Amino acid sequence: MLALPALTGACIPTKHPEPGIPATTTTTTTPAPICSPIAAWDLPTCDASYPYPPNTCTKATQTSQSITCGNGKLMVLIGSKLATNPGLKTNVKTATCDVTTKKWVFVNAAGPQFDQPRAENILGKPLMIACNFTVHIY
């Protein structure tokens, strides 16, 4: 009878962890839409373009999903064509990343929506952005 416990111990299956398999599970999330950053417009040049009130241009806050301005400012979007046409710029209320195209979608201060390729076609590449209080609608 004393030998019985020794024999039964060998017959009872035990669970051993398998090497290389983690004990915890991980969850995956869908990555956020990624739009390429828009270059910051040089602030002294922006201020020169909007002389009153003076020195009011600031840098826009950018993430991969949106571009924003604080303190009640609007975004000022320009492109390379500003060099030959100083009035060629637009004020933007919102800028969000389109998940499908991975391009920016802008809503103009006057209301119309337009996408990054259209902005690049009209304003020139590369696009640049800053923030300013002054509202000029072109």
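Q: What makes the link between C69 and C131 a disulfide?
A: The S to S distance for C69 and C131 is 1.9 Å, and a disulfide is a pair of cysteine sulfur atoms within 2.5 Å, so the pair qualifies. Please keep in mind that this is a predicted model, where local features need pLDDT of at least 70, side-chain atom pairs count only at pLDDT 80 or more, and totals for chains, interfaces and linings use all residues. Residues are numbered from 1 along each chain as its sequence is written, and side-chain values use heavy atoms, with hydrogens and water left out.

Q: Which hand does the link of C69 and C131 have?
A: The link of C69 and C131 is left-handed, with -80 degrees about the S-S bond.

Q: Why can C69 and C131 be said to tie together parts of the chain?
A: C69 sits in the loop between β3 (66-68) and β4 (74-78), while C131 belongs to strand β8 (residues 128-132), so the pair ties together parts that are 62 residues apart in sequence. Strands here are DSSP runs of E with at least two residues, helices are runs of H or I with at least four, and both are numbered from the N terminus.

Q: How many disulfides does a search of the whole structure find?
A: The search finds three disulfides. With bonded cysteines counted along the chain, their pattern is 1-5, 2-3, 4-6.

Q: How do you know that C35 and C97 form a disulfide, and which hand does the link have?
A: Their sulfur atoms are 2.1 Å apart, so C35 and C97 meet the cut-off given above. The torsion about the S-S bond is 85 degrees, and this link is right-handed. C35 lies in the loop between α1 (3-11) and β1 (39-40) and C97 in strand β5 (residues 90-97), so parts 62 residues apart in sequence are tied together.

Q: Why is the disulfide of C46 and C57 called left-handed?
A: The torsion about its S-S bond is about -70 degrees, so the disulfide of C46 and C57 is left-handed. The sulfur atoms of C46 and C57 are 2.0 Å apart.

Q: What makes strand β6 (residues 104-108) largely enclosed?
A: Five of the five residues of β6 are buried, so the rest of the structure largely encloses this strand. Both faces are covered, with W104, F106 and N108 buried on one side and V105 and V107 buried on the other.

Q: How do you know that β6 pairs with β5 and with β7?
A: Two strands pair if DSSP finds at least two bridges between them. Five bridges join β5 to β6, so these antiparallel strands pair; A95 has F106 in β6 as its bridge partner. Three bridges join β6 to strand β7 (residues 113-115), so this antiparallel couple pairs as well; here V105 stands opposite D115.

Q: What makes K89 a charge over the ring of Y50?
A: The charged end of K89 sits over the ring of Y50, 5.0 Å from its centre. The definition asks for NZ of Lys or CZ of Arg within 6 Å of the ring centre and within 35 degrees of the ring normal, so the distance for K89 falls within the cut-off.

Definitions and conventions:
Buried < 20%, exposed > 50% of the residue type's maximum accessible area, 1.4 Å probe, protein only.
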